[in-house]
Amino acid sequence: MVANLFALAIPFITMSIYDHVIGGDAPHELSGIAIGATLLFALLWLLRVIRSQTLATVANRISREISDALVKKLLTESYQVTRNTAQQTQVNQLNFSQRIAGVLSGPLGNTLFDIPFVLVFLVAIAALGGWLLMVPIVALCLYYLVAKRSIKHSAVRANQSTIAGANRQTLIAELSGNSGLCAVVK
């Protein structure tokens, strides 16, 4: 939260340079503003590094706990149930925890924590700029529409790719079965 509030201070630094240094013809104030801005950017960087490390730690812990629960489930199930479950299914269940950890420790994890602060930034823009608030709102709406369309096209392409891969595997299986390619050479 503090990092986002520090990020909110960046426009105020810019405004103070334009208002006091340039508009007020006071170049002697620039050194104080520059020192404050340097401290702000250093703290902002430090807080973001700490947040990234914390997210990575949390993601690894979640991954470990999910993996432990899945392994415990596999070990406590009856032998018949475990034997009837495909090996690839069991491996996919174990890889699930790694995918969750990847999402949380990557850029999406940071974005998930930043989403609530979008409202804080919008309130700040409304307080300072009034009707200029419409610019980010329109931009967010356009981004949503583009993302929705892109996700739809990605889903269609992924489905087509899956079907093509399955057809290719079927063709290879038929060709190898009919031509004797799977026969072991002795």
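Tutor: Happy to. Keep in mind that this is a predicted model. In α1, the buried residues are Ala3, Asn4, Ala7, Leu8, Ile13, Ser16 and Val21.

Student: And which helices do the buried residues of α1 pack against?
Tutor: They pack against α2 (30–76), α5 (107–114) and α6 (116–129).

Student: How does the span of helix α1 fit its 22 residues?
Tutor: The helix covers residues 2–23, and at 1.5 Å a residue it should span 32 Å. Its end C-alpha atoms are 30 Å apart, which agrees.

Student: What happens just after α1?
Tutor: Asp25 sits there and takes a positive phi of about 50°.

Student: Changing topic, which residues make the nonpolar surface patch?
Tutor: Val103, Leu108, Leu112, Phe113 and Ile115 make it, and the patch is about 460 Å². The largest share, three residues, comes from α5.

Student: Where is Val103 found, then?
Tutor: Val103 is in helix α4, which runs over residues 87–105.

Student: Why does Val103 count as partly exposed?
Tutor: Its relative accessibility is 39%, and partly exposed lies between the 20% limit for buried and the 50% limit for exposed.

Student: Last one: is Val135 buried or exposed?
Tutor: Val135 is exposed, because its relative accessible area is 53% and exposed means over 50%. This residue belongs to helix α7 (residues 134–179).

Student: How far apart are the C-alpha atoms of Val135 and Ile125?
Tutor: They are separated by 9.9 Å, with the two residues 10 residues apart along the chain.

Notes. Residues are numbered from 1 along each chain as its sequence is written. This is a predicted model: local features need pLDDT of at least 70, side-chain atom pairs count only at pLDDT 80 or more; totals for chains, interfaces and linings use all residues. Side-chain values use heavy atoms; hydrogens and water are left out. Helices (H or I, at least four residues) and strands (E, at least two) are DSSP runs, numbered from the N terminus. Buried means under 20% relative accessible area, exposed over 50%, partly exposed in between (1.4 Å probe, protein chains only). The expected span of a helix is 1.5 Å times one less than its number of residues. Contact means heavy atoms within 4.5 Å. Patches are made of residues with over 30% relative accessible area and no salt bridge: like charges are joined within 9 Å, nonpolar side chains (Val, Leu, Ile, Met, Phe, Trp, Tyr) within 5 Å. Accessible areas come from the Shrake-Rupley method with a 1.4 Å probe; for residues, only the protein chains shown count as cover. A salt bridge is a side-chain nitrogen of Lys or Arg within 4 Å of a carboxyl oxygen of Asp or Glu.
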